[in-house]
Amino acid sequence: MSRDIIIATSSLMKDMIGGDQFIRASALRALCAITDATMLPGIERHIRQSIVDRNSGVSSAALVSSIRFISQNPEVVRSWSNEVAELCKNDDSITQYHALGLMYFLKQNDKFGLQNFFSKFFKVWKIPLSTVLCIRIAASTINENSDPNYTSKVVEFLGTCLHNRNEMVLYEACRALISLPSIPPQTVGVVVTVMRNLMAGPSSVNRYAAVSGLCHMSNKYPTHVSACSLDLETLTGDSDKGLATYALTALLKIGAESNVDRVIKLITSFILEVTETYRLIIIKELRNLMLKYPQKSQSFLNLISSLLKDEGGLEYKRTLVGLVITIIREAPVVKGDASLREEGLLLLCELIEDCDHPSLMSSVFQVLAQEGPSSKNPSQFIRFIYNRIVLESADIRAAAIACLAQFAIRVPALRRSILQIIERCFKDDDDEVRDRACFYHSLINTCSDLSFLITFPHVEPETWLKAIHKYLSESDGSVPFSTSDVKVVKEEISQPEAEKMISIEPEITSPVLPATHDDLLDLLPPSSELRFSHMTKPQQLSEAEEEFGIKCFFHIFDKAIIVEFLITNTLSGHQMRNVSVQISVPREFKVLNHKGCELIGPSDTGKCYIVLELPEDPSYITETFSSQLIFSLFKLDTSSQWVPIVSNDQLPLDKIELNLEDHFKPVSVDFEREWEKIPSECEVEETCALEKYTSIKDAAEVVIKLLGLSVCDNSDEIVEKSTVHKILLSGVYRTGVLALVLLSLKRNQQHGILMKVRVRCEDQDVIDNILSVIS
């Protein structure tokens with residue numbers, strides 16, 4: 001093997017000194033790719049000569065290859081600084097750009113040297129690529145320097161870039177100026193003018209960039225951006241819905257009281273044409289405008305009323321209901337009477353008449369219970385709540401009874417009629433509904449003071465369990481259990497982002513959450529059109545007693561998966577540096593990107609990512625991956641210095657499993673209605689025997705866990721020793737198609753549990769995947 005390496009190295013070095021410039025550049029790249037830090041001194045002379053070569057291709061290859069050696073042997077690369085600095089003045093665009101990039105890497109740890117170098121050349125670079133890189137570096141260094149002279153030089157340089165003819169330079173200069181803490185008002189006006197010109201151009205890329213820039217700029221400079229309101233309003237009709245959404249969001253941010261009605265008309269016509277992702281962006285920004293102009297609440301409520309009648313998912317509907325709740329609770333302050341509040345409550349009542357989301361209906365019942373009894377005419381809401389007791393599922397009936405009980409407690413005039421309604425639920429088929437009906441009926445009839453039901457304290461379930469266990473273990477039952485021994489958890493009222501108070505408490509460490517959607521988009525290739533589906537449950541990849549706690553999540557897209565690793569350093573007095581995860585994947589999978597973590601301090605948690613492209617074969621849905629953690633370990637010595645103790649250590653991790661359940665997002669639906677919507681031609685039926693199981697309940701739990709789908713209509717509640725049972729399952733596949741599964745289980749003395757599987761889905765590949773896993 002060593003002999004082959006010597007032959008390959010000699011061959012490449014011979015090609016480097018040949019006459020063909022293309023072969024020289026390629027040989028240089030290949031040689032640097034296989035060279036490590038120990039071999040660098042042997043080829044240093046060739047790389048130095050190539051850097052100053054007259055041919056731009058050879059020079060660029062040497063500059064790009066040199067970046068690779070900075071982390072391995074920085075002293076050798078720094079000895080080429082003079083040659084690299086001269087190339088920063090080169091007239092060739094690619095050579096100058098690569099030389100500038102290498103110079104930045106050489107000086108990135110010396111901020112004053114970096115600032116001095118770039119301040120000398122602010123007016124030298126005329127090539128667009130180099131100017132853009134210089135803009136980004138200057139903007140990143142200005143926050144680290146308190147020298148007003150340097151700051152003024154950067155602002156002056158960025159100001160001159162606003163008069164550049166290249167559109168890429170113009171946008172980068174505008175974005176850099178926007179990110180600065182403060183800029184002169186006249187400069188803000190120039191930035192808005194440049195953005196406006198880009199917005200009016202023919203290029204869709206420039207228009208998108210300009211609108212997104214104005215959207216972010218409107219948070220700090222709404223008055224200046226308002227000059228572009230007519231241009232933004234025109235762009236709301238653009239065929240690119242992402243661009244149009246940005247334009248509408250910017251209009252909402254700069255909206256004045258005089259044009260609120262016009263913006264609402266735009267939303268009404270626009271929101272039906274976009275997907276739910278864009279709708280959520282608009283509705284969340286609409287909330288800020290609503291809080292800014294509460295006197296326009298009637299117009300906002302009319303808009304929300306029309307939007308609630310349209311089709312939409314749970315998150316979209318929940319966001320709209322949140323706006324209605326805000327109006328209800330702020331209405332007395334806004335209008336001086338309760339008419340707007342009554343209208344909002346009636347709107348929520350109409351929503352539960354035709355709502356497909358049980359969790360949302362339960363939230364609405366809670367709001368009605370809190371706000372309804374104190375309204376002008378509380379009796380008008382009883383009919384809507386009673387209809388839900390008659391028509392809905394068990395969990396909704398239970399929530400409706402609790403809501404009615406609040407009306408009975410707080411409105412004595414309605415108590416008698418409400419108790420008669422609750423009495424009808426004594427014979428309900430569901431245990432929870434019967435228990436709630438008996439509980440509230442008994443308390444209302446027997447207790448003289450019901451204030452504890454009106455202002456019931458918020459207590460965590462774990463706290464209740466601890467108090468009850470303590471009572472059972474220490475008391476003989478002679479003294480009743482007292483709720484005064486239970487620790488109450490104070491609820492904090494959520495406020496808009498702009499009104500939140502920031503407090504720093506070093507003794508409390510916040511948990512590290514999985515990556516947000518914006519973080520994931522930065523990992524994907526720029527040209528990809530992947531659609532996010534869902535995130536899976538975590539997998540533990542390390543034992544509890546190990547020094548490092550490691551778990552991973554799958555972020556599922558339609559054609560790719562992002563594996564996110566959360567790495568917790570439990571070693572006190574130790575740092576993990578240059579942390580990354582290597583994963584072994586079959587050839588059907590393709591690694592698109594990976595990202596490590598530079599530093600994880602004691603008791604801290606860092607994140608690493610790997611982006612995998614899924615196989616083209618739709619039946620390839622399960623796989624097991626082996627992985628290992630790579631890191632360097634540093635220890636805090638007696639002189640408070642971090643000293644390395646382990647370099648590039650490799651820690652094998654537990655296997656990572658990708659199963660069928662990871663490809664599905666569990667979604668609860670109205671099973672019967674959705675089943676009828678899917679054509680019968682899209683149904684496949686299969687029968688199998690589960691001979692290992694004698695109990696229908698045990699077999700059902702295994703199959704539900706295997707598929708990872710959501711159980712509908714509480715069909716997983718199985719009576720002990722039952723011989724026949726049906727289970728309804730639903731979920732959305734990563735490609736966005738809905739899959740419904742009907743399981744009919746029957747106990748058989750010879751074959752254990754017989755199971756008939758009926759699957760309906762408009763994608764035959766999804767049906768095949770489900771049946772292949774079950775069989």
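User: What percentage of the 775 residues in the protein is made up of buried residues?
Analyst: This is a predicted model, in which local features need pLDDT of at least 70 and side-chain atom pairs count only at pLDDT 80 or more, while totals for chains, interfaces and linings use all residues. Residues are numbered from 1 along each chain as its sequence is written, and side-chain values use heavy atoms, with hydrogens and water left out. Buried means under 20% relative accessible area, exposed over 50% and partly exposed in between, with a 1.4 Å probe and protein chains only. Of the 775 residues in the protein, the buried share is 45%.

User: How many helices and strands are there in the protein?
Analyst: Both are DSSP runs numbered from the N terminus, helices being H or I with at least four residues and strands being E with at least two. On that basis the protein has 32 helices and 17 strands.

User: At what angle do α17 and α19 pack, and which residues of α19 make the contact?
Analyst: Two packed helices are described by the angle between their axes and the distance between the axes. Axes are lines fitted to C-alpha atoms, for helices over the stretch in contact, and angles run from 0 to 180 degrees between N-to-C directions. α17 and helix α19 (residues 297-308) have axes 10 Å apart and an angle of about 5°, which makes α17 roughly parallel to α19, a description that applies to angles under 35 degrees, with over 145 being roughly antiparallel, 65 to 115 roughly perpendicular and the rest oblique. With contact meaning heavy atoms within 4.5 Å, V260, D261, I264, I267 and T268 of α17 meet, on α19, S299, F300 and L303.

User: Which residues of α21 meet α19?
Analyst: The axes of α19 and helix α21 (residues 339-353) cross at roughly 5° and come within 11 Å, so α19 is roughly parallel to α21. From α19, the residues taking part are S297, Q298, L301, N302, I304, S305 and L308, and those they meet in α21 are L340, E343, G344, L347 and L351.

User: Why does C552 count as buried?
Analyst: C552 is found in strand β3 (residues 548-557). Leaving aside neighbours within four places in sequence, its contacts include V563, F565 and I656. C552 counts as buried because its relative accessibility is 1%.

User: Where does S603 lie, and what is its phi?
Analyst: Most residues other than glycine have a negative phi, and most peptide bonds are trans. S603 counts as exposed because its relative accessibility is 61%. S603 lies in the loop between β7 (597-600) and β8 (605-613), and its phi, a positive value in a residue other than glycine, is near 65°.
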